Amino acid sequence: MQRQEFVQQLWLDYVHTHPDIGALRLWPLSTAAEYLTLVTLNYGPFTAAALTGNLAHMGYRPMGHYAMADKGLLVQLLAPSDGSSWLVLAELQIGTLSKAPREAIEGLVQQSHPQDCKGHNLLCRGRPWPMPSWALYQQLQQAHPLAAWIAVMGPRLHHAGFDCGQLGEPLTVLDQRLTEVGMPSLQGQQNGVFTVSSLLDHRFYPTTPQKTVFAEGDEHRLCLGGLALVQKHVEDNHERIADVLLPHHTRCEMA
C-alpha cells in the first residue's frame, strides 16, 4: 500500500465514523491535517512495533518516543518523507490495567479473525474483533477510557489535529466558529489520548455522540473521537507543530 492510499483510507474511515467532521466547511477540504492520532494496544498483531514496520514501508520514519506513565501510554511520533500529515501513534500498555479488565480486552483481541490481523491497513479496517457487551464496555471505561475506546473501535484514527497557521485563522476565531456549529471544545489541554506541550495552544472538539449497538443489542450514544486545533504561542517557521506537540519531559531514548 502506498502512503497516499493509506492516508485516504484513514480519512474516509474517520469521516464515515464522525459525519459531523465530514460535513464541516470551515476551511478548504483540501487542507491536510498537521497530524493524525492513532490509538492501538501492546497486544497481539496490533502492537506499535508491528504497525511501525508496515508504516516504515510507506515512508514514515520515527522522530521520537514518549512515555506517559500517568496515562499508561507509549507514544511514537512518525514523519512522512514529504510535507503531509505526521502520525502520533499512541500505544496503550495493557499491563497497567488490573487483572480483570486486562484479561477482558485480551479475550476480545483473541477473537479477531486471522485475516483481519494481516496486511498494511490494520489501522483502516475498524474493529477486528466482536463488539463488547455494554457491561464490559463500562468495566473497561472505569479501568481506562482508552481501553474502552479500543474495545469498541479497534486500532484506529482517534482524531486529526490541524495547525491554525495553515488554516489561515487564529485559534480564537476557529474556536468560535466550531462552537457556533455545535462543536464546543473541552477545557484545557486534554484530548482524550495524550498530554500536549505547554509550548502550544490546543483545543479538542469532541464529535457528536453516535448511536452504538453493543453485543447484546442494547444501544447507547457514545462520543468516539473528535478533532484538535493547535497554534504556537510564538509563530516561527523553523519547526512543524507536530515536532513540538508532545511535552519534552516525556521524551525518552530507546535502546
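Two strands (E runs of at least two residues in DSSP, numbered from the N terminus) pair if DSSP finds at least two bridges between them. The model is predicted: local features need pLDDT of at least 70, side-chain atom pairs need 80 or more, and totals for chains, interfaces and linings use all residues. Residues are numbered from 1 along each chain, and side-chain values use heavy atoms, without hydrogens or water.

**Exercise 1.** Find which residue of strand 8 stands opposite Thr212.

Step 1. Strand 7 (residues 210-213) and strand 8 (residues 219-222) pair in the antiparallel sense, over four bridges.
Step 2. His220 stands opposite Thr212.

**Exercise 2.** Describe how helix 5 and helix 6 pack.

Step 1. Helices are H or I runs of at least four residues. Take helix 5 (residues 134-143) and helix 6 (residues 145-153).
Step 2. The angle is about 145 degrees, with the axes 5 Å apart.
Step 3. Contact means heavy atoms within 4.5 Å. Tyr137, Leu140 and Gln141 in helix 5 meet Pro145, Ala147, Ala148, Ala151 and Val152 in helix 6.

**Exercise 3.** Classify the residues in the contact of helix 5 with helix 6.

Step 1. Ala, Val, Leu, Ile, Met, Phe, Trp, Tyr, Cys and Pro count as nonpolar; Asp, Glu, Lys and Arg as charged; the others as polar.
Step 2. The contact has seven nonpolar, one polar and no charged residues.

Technical notes. Axes are lines fitted to C-alpha atoms, for helices over the stretch in contact, and angles run from 0 to 180 degrees between N-to-C directions.
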